[in-house]
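Terms are given with their cut-offs where they come up.

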Amino acid sequence: MSAVEVRGVTRRFGDVVALDDVSLEVGHGELVGLLGPNGAGKSTLLSLVSGQRRPDAGVVRLGGQDPRDPAARTVLGLTPQETGLPATLRVREVVDFVAGHYPVPVPTDELLDQFGLSELGRRQTGSLSGGQKRRLAVALSLVGRPSVVLLDEPTTGLDVSGRTALWDAIRRYHADGGTVLLTSHYLEEVQALAERVVVIDHGKVLADDSLETVLGRVGVRRVLLTDAAGVRQEHLVPDSDAFVRDLVTSGTEFRDLEIRGASLEEAFGQLVSHEATEGAAR
Amino acid sequence: MSETMTTNSTGATRRPVTDAPAGPDGGARTQPFLALTWLHLRYQFLETVRIPIAVLGNVLFPALSMFFFVVPQQGVAGNPLFATTAVAGLGLFAVCSASLFTYGLGVAEDRQLPFYPFLRSLPAGPGPQMVARVLNGGAFSLFGLLPLIIIGWLFTSATLTPGQLLAGIGTILAVSVPFVLLGMGIGYALSAKAALPVVQIILFPLAFAGGLFMPPQMFPGWLDAISQATPTRAGRDLLVQATTGAEAYTLALPVLAGWTILFAVLAVVAYRNDEGRRFR
């Protein structure tokens, strides 16, 4: 039984098809990054997995159960959007409230301590800084000791140190056996955390594989070299072997040759634009 | 510091629970309904109380009206029947106002909060949240009634037997149902910005035409005819009947029932439309 199972799911909003026959399976203990531009269908997918919406077609399962059944969601944790915290409630009250929904929650003091929020327990959430709100949001997703956590843009708007601290918290949770499905605008974030990457655009899964394979599949390599004039050049090429062969054959002078895998951002841009041109050609 | 690190690195406190408590069918279960309702009631109550002006307005306006318009008029305040009727009218106003504001504005505001979808994803059905909402609305309605009853008791000749008091509170809660439904209809149909003026535009004319501020016996004939078709007038007369024994007009109950059905339909339609619209 998978932690999350999505089978042949389609979801429309009026004329817009947000998800088009999407299938995705996340095993226990996996850390999966969900990647795609705005409006690609990531949030719709998360809302189906968290039982907020019903698919028009297909099956969604959370720990083998329908997530629309509240009982199925006792194993689920997710983050509220940072702007969505009830502004007049105190930090401790919000934690207690969310904790009250779960059978064996983490004691509030312990949780606040883990996320460096102990001093802020009596503060109203409206008075917290953006970083503090983000920390609280991620803390709320873990208060029920969930086995599956959905993180929608967990570190949006954080500075580097804040982001690193939250990444550590997510890694620790995952190291303890937790399953994580996370979306992010920061490709760096997915690259830093995820073992497996699912690329979605226009409601379709474009790629679903290990981080390396997704990078490999699009076959983009970055070739760096310094030419005779001493100028550092950068080439993004589909086949670096052929590129180098040609380079050598051509007799061009170069030094400091360096070949690297493309970043996720480059790989992803390649995937999406590839689909787009294919679509246009049809 | 080292202690914290140890706790974190062993992960003892954050180990995910894979063996959640099993229900009879082997599946996990949510927390008990009553526990969840209590949790949501506490949460909603805190949220309401933290904006004291909303609570104060609800409590103060009927109480001040009592002091300005009823207590100084010896003809009303000194007459047990008139005084009791006046308290009943303002009491109903307090309840209408609390119902329309907490449900109309409250629901509209909640829907706009990004916290709302988060709430819906917690392991609890819609039941506890809705029951808590009704109880929270009821609690604040009773807050509005309390000063009225005390002022009526201390400063006017209004009299109630304990039986009449119970009948009055029972009737007022029953009469509040169509207003709760109307409030929900508004809350699910409109944004918070639009809901506020709409609630005000509906509340005050209805309260005036329904004779909650001044007795409908003072109305000219045409206004009285309109008045008898309003849910506020029907509710007021039923409440006056329960507290003083003065009989309501024959159509009061059918009129109130008719509005209740209409507002129920409105609330359901608004809720359904909202699902399609909100989930974009």
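Predicted model: local features only at pLDDT ≥ 70, side-chain atom pairs only at ≥ 80, totals over all residues.

Residues are numbered from 1 along each chain as its sequence is written, and chains are lettered from A, with ligands numbered from 1, in the order in which they are written.

**Chain A overall**

Chain A is divided into domain 1, covering residues 4-211, and domain 2, covering 215-281, the bounds coming from an automatic or database domain assignment. The centres of the two domains, taken over C-alpha atoms, are separated by 35 Å, and the C-alpha trace of the chain spans about 70 × 45 × 30 Å along its principal axes. Its secondary structure comprises nine helices and twelve strands, where helices (H or I, at least four residues) and strands (E, at least two) are DSSP runs numbered from the N terminus.

Of the 282 residues of chain A, 43% count as buried; a residue is buried if 20 or more other C-beta atoms lie within 10 Å of its own, exposed if 12 or fewer, and partly exposed in between, with C-beta atoms placed from the backbone. Among the contacts in chain A with a separation of 6 or more, 67% come from residues 24 or more positions apart, two residues being in contact if their C-beta atoms, placed from the backbone, lie within 7 Å.

**Local features of chain A**

Helix α8 of chain A (residues 240-249) is hardly covered, since the count of buried residues among its ten residues is zero. One of the residues found in this helix is A:A242, which counts as exposed because it has 10 C-beta neighbours inside 10 Å. The C-alpha atoms of A:A242 and A:A229, which are 13 residues apart along the chain, are separated by 23 Å. Just after α8(A), A:G251 takes a positive phi of about 80°.

A:D21 lies in strand β2 (residues 16-26) of chain A and is partly exposed, with 14 other C-beta atoms within 10 Å. A:E153 lies in the loop between β6 (148-152) and α5 (160-175) of chain A, and with 19 C-beta neighbours inside 10 Å it counts as partly exposed.

Helix α5 of chain A contains A:S161, which counts as exposed with 9 C-beta neighbours inside 10 Å. The C-alpha atoms of A:S161 and A:G131, 30 residues apart along the chain, are separated by 9.9 Å.

| Helix pair | Angle | Axis separation |
|---|---|---|
| α5(B) (80-112) and α7(B) (126-155) | about 155° | 9 Å |
| α2(B) (33-49) and α7(B) | about 45° | 8 Å |
| α8(B) (162-189) and α11(B) (231-244) | roughly 165° | within 8 Å |

Angles under 35 degrees count as roughly parallel, over 145 as roughly antiparallel, 65 to 115 as roughly perpendicular and the rest as oblique. Accordingly, α8(B) is roughly antiparallel to α11(B), and their contact involves residues including B:A167, B:T171 and B:V175 of α8(B) and B:G235, B:L238 and B:A242 of α11(B). By class, the residues of that contact divide into eight nonpolar, five polar and no charged, with Ala, Val, Leu, Ile, Met, Phe, Trp, Tyr, Cys and Pro counted as nonpolar, Asp, Glu, Lys and Arg as charged, and the others, Gly among them, as polar.

Helix α7(B) takes part in the other two pairs. α5(B) and α7(B) are roughly antiparallel to each other; among the residues that meet are B:L90, B:G91 and B:A94 in α5(B) and B:F140, B:G144 and B:L148 in α7(B). The residues of this contact comprise ten nonpolar, eight polar and no charged.

By contrast in orientation, α2(B) and α7(B) are oblique to each other. Residues of α2(B) including B:L36, B:H40 and B:F45 meet residues of α7(B) including B:V131, B:R133 and B:F140, and the contact of α2(B) with α7(B) has ten nonpolar, seven polar and one charged residues.

How values were computed:
Axes fitted to C-alpha atoms, helices over the stretch in contact; angles between N-to-C directions.
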